[in-house]
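Subject: Structure handover, cross-links and salt bridges

Hi,

Here is the structure for you to look over. My notes on its cross-links follow below.

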Amino acid sequence: MRRFLITVLLVLTMDVTSGQISIQQIPQYPVINGSVTLSITGITEKLEHVTWYKGPDKTPQYQILAYFPGNNPPILVPGLLYNDRISAFNNGSLCIKDLRVTDGGNYIVSVQTVTPAKDINVILAVYDPVTKPKIIASIKQPKESDPFTLTCNTSNDTTISWTKKDINMSSETKLSEDNRTLMFSSVKREDSGEYRCKAQNIASNDVSDPYTVTVVYGPDKIQIEGAVLVNPGSPFTLTCSADSFPPSEYQWKINGTNLEGNTSKYNISNAAPEDQGLYTCVARNPVTLLSANGSAYVIVTAALKCEEPTGLILALVFGLILSVVLNIISNSYLQWKLLTKGRNETSENRHDYNSVYANVKELST
């Protein structure tokens, strides 16, 4: 065998490019399960063969292979450390596929040309790639003003960064010391949106799938729209709206008495005197369990005497003024009720509230 190798060394040569002999590692930062090429460059003479070793020296126990590129086909002589993940190129470069942590270490290549062999050392480091990040929320459906966090779950990272699609993140958000956790001390509805985190290290990077944050809030800014002066026999519709997520559930009342239906619209197809009164819309968020209400006074003109136009005008004016006053009273009552954390109304408050309704009826007839 030795005699055969010597013969080969004498006859197998090839032309190579000029330059100083060195080893270029491609890629510079190889990762586990990836591949790397230890590329020999700068050979100025005819290459006869190369021998690769992995270890502290060039003893046979550390030999990977000997490669003779000039033969057709080229000859590869495996050493004790050779495996089927390793291959060689015609210029003597070494390729390792499906990299493992154990592939890292000291490599020596002995380059034999027509002049004495030249030895080059290179230290190969194999890196763990970052795992694909995944965003985990502290609460699946945060309520407005709750504390809330998003955590970027990954490994082998050295740096983590956050982005929010199309909208800048709130200035009130904070990051943990390692940037792994995005913290909202009091989450706001404006914080709803699509978030991503990116993890990277010296050898790799990856980005999480988008995570959509939807902040639950409301109801607030409640409004009622619709006619407040209605002719007898005419239809009218009152529409209630409120800022809320998820959308509010609705309950309509007239003079404090519940009406049928739980949609945002209340319809009357044929107005009658008994349809006159103070209409209240109560909006309730099914998740936050908070409620808000708004009121509007509807006057059915059939309840007024047509032969007294002056009285009609006065009644309309009084009705509109009282509608505004009652709306203020209603909202004030709601705020008082929230401040007392849902305590039941006292009998005196109920008496006063019912008296307002009675006065409105009396003034409007």
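The count comes to two disulfides, a disulfide being a pair of cysteine sulfur atoms within 2.5 Å. This is a predicted model, where local features need pLDDT of at least 70, side-chain atom pairs count only at pLDDT 80 or more, and totals for chains, interfaces and linings use all residues. Residues are numbered from 1 along each chain as its sequence is written, and side-chain values use heavy atoms, with hydrogens and water left out.

**Disulfides**

Cys152 is joined to Cys197, S to S 2.1 Å. The link is right-handed, with 75° about the S-S bond. Cys152 sits in strand 11 (residues 148-153) and Cys197 in strand 15, so the bond ties together parts 45 residues apart in sequence. Strands here are DSSP runs (E, at least two residues), numbered from the N terminus. Both Cys152 and Cys197 are buried. Buried means under 20% relative accessible area, exposed over 50%, and partly exposed in between (1.4 Å probe, protein chains only).

Cys240 is joined to Cys281, again with S to S 2.1 Å. This link is left-handed, at -90° about the S-S bond. It connects distant parts of the chain: Cys240 is in strand 20 (residues 236-245) and Cys281 in strand 24, 41 residues apart. Cys240 and Cys281 are both buried.

Counting bonded cysteines along the chain, the pattern is 1-2, 3-4. Cys95 is buried too, at 8% relative accessibility.

**Salt bridges**

There are 11 salt bridges. The criterion is a side-chain nitrogen of Lys or Arg within 4 Å of a carboxyl oxygen of Asp or Glu. Three of them, among others:

- Asp119 pairs with Lys58, closest N and O atoms 2.7 Å apart. Asp119 is in strand 9 (residues 118-124) and Lys58 in the loop between strand 3 (49-54) and strand 4 (63-68), so parts 61 residues apart in sequence are tied together. Asp119 is partly exposed at 41%, as is Lys58 at 37%.
- Asp220 pairs with Arg189, closest N and O atoms 2.9 Å apart. Asp220 is in strand 18 (residues 217-226) and Arg189 in the loop between strand 14 (181-184) and strand 15 (193-200), so the pair ties parts 31 residues apart in sequence.
- Arg284 meets Glu249 at 3.4 Å, N to O. Arg284 is in strand 24 (residues 277-284) and Glu249 in strand 21 (residues 249-254), so parts 35 residues apart in sequence are tied.

Best wishes

Note on methods: Helix = DSSP H or I, 4+ residues; strand = E, 2+ residues; numbered from the N terminus.
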